[in-house]
Amino acid sequence: MKELIIGSHVSYTQNEGLIGSVNEALSYNANTFMFYTGAPQNTLRAKIDENKTKEAQKIMKENNIDINDVIIHAPYIINLANNKDEEKYHFSINFLKEEIERAKTLGINKIILHPGSHIGLGEKEGLENIVKALNIILSEKEGPIICLETMAGKGSELGKTFEELKTILDGIKNKQRIQICLDTCHLNDAGYDLKDFDKLLHAFDKIIGIDKIGCIHINDSKNPKSSHKDRHENIGLGTIGFENLIKIIYHEKLKKVPKILETPYISAVKGGKDRTYPPYKFEIEMIKNKKYNENFQEDIRKCYKKF
Ligand code: FE
Ligand code: FE
Ligand code: ZN
């Protein structure tokens, strides 16, 4: 078994397809990755190139990346909780059905989904809408797993407590195709204490079950516990802190679970222009060393200046 399954969010472009995503992950020394199949803020999706996919799968094999650890994130504009606009609700359902087909074509087994925002309908009705939609989406017995993400509780977001997620899970008929994605920033902002992760995990286990954790998003938070803000911070620079994140990343009971960084890019001025650079190679290095580097932002700026 791998000591650590770690990666980050990477890009996916029509031009390079999955090959670009794998190569980006490898440039960070990652052994997994997560991507959107197109822009996260819209639902325009290009056809998937079969040859590029095959080549990408080959590169993964050669580099010891298990495709079962690779993850697609559904676009965040999809909302299964509100059905006031029936057309939009059905559009969301159909989009996710298509996303499942895209995942199958790519050979990917896990799709992360934000449960949705009820936008005035109330929590009960919102949760019912999510269940109804997911039962349509997961009507086929076999297929990729949907991982519902724990949310910060910004606005009317649902999935901000283990109890809400449990309500959704209880309503879903096809249990083998539904799991949970823990997001450390969201958990903190929702009011969970990441400094006592064993207690948090115990609570999760009692309500939902540790075996249901399909992915963990590793982010520090810009805001204090219970802020309901959802603003990610680079690891070690936020309110959760490096040591607490390391404990989660290396937790004995979560070894098989892929960990994905979604921390913000670092800004630097280059040629008089404000540019931003991915922090993932450096954050992954600190995680592997289990040692925080006080100067990692400076190191990132120096490294990318060369190019
Ligand atoms: Fe997310
Ligand atoms: Fe996340
Ligand atoms: Zn977030």
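The structure holds zero disulfides, a disulfide being a pair of cysteine sulfur atoms within 2.5 Å. The model is predicted, so local features need pLDDT of at least 70 and side-chain atom pairs count only at pLDDT 80 or more, while totals for chains, interfaces and linings use all residues; side-chain values use heavy atoms, without hydrogens and water. Residues are numbered from 1 along each chain as its sequence is written, with chains lettered from A and ligands numbered from 1 in written order.

Cys-181 and Cys-215 do not pair because their sulfurs are 3.9 Å apart, too far for a bond. Cys-181 is buried, at 0% relative accessibility, and Cys-215 is buried at 0% as well (buried: under 20% relative accessible area, with a 1.4 Å probe and protein chains only).

Cys-181 also belongs to a core of eight residues that includes Ile-71, Ile-145 and Cys-147. A nonpolar core is a set of buried Ala, Val, Leu, Ile, Met, Phe, Trp, Tyr and Cys residues joined through side-chain atoms within 4.5 Å. The largest such core has 88 residues, and Leu-148 is among those with the most contacts inside it. Beyond its neighbours within four places in sequence, Leu-148 is in contact (heavy atoms within 4.5 Å) with residues including Leu-113, Leu-165, Ile-178 and Cys-181.

The zinc ion (ligand 3) has His-186 (NE2), Asp-230 (OD) and His-232 (NE2) as protein donors, 2.0 to 2.3 Å from it; donors are N, O and S atoms within 2.8 Å of the metal (3.2 Å for Na, K and Ca), and sites may look incomplete because water is not among the atoms. Both His-186 and Asp-230 are buried. The iron ion (ligand 1) lies 5.2 Å from the zinc ion (ligand 3).

Note on methods: Buried < 20%, exposed > 50% of the residue type's maximum accessible area, 1.4 Å probe, protein only.
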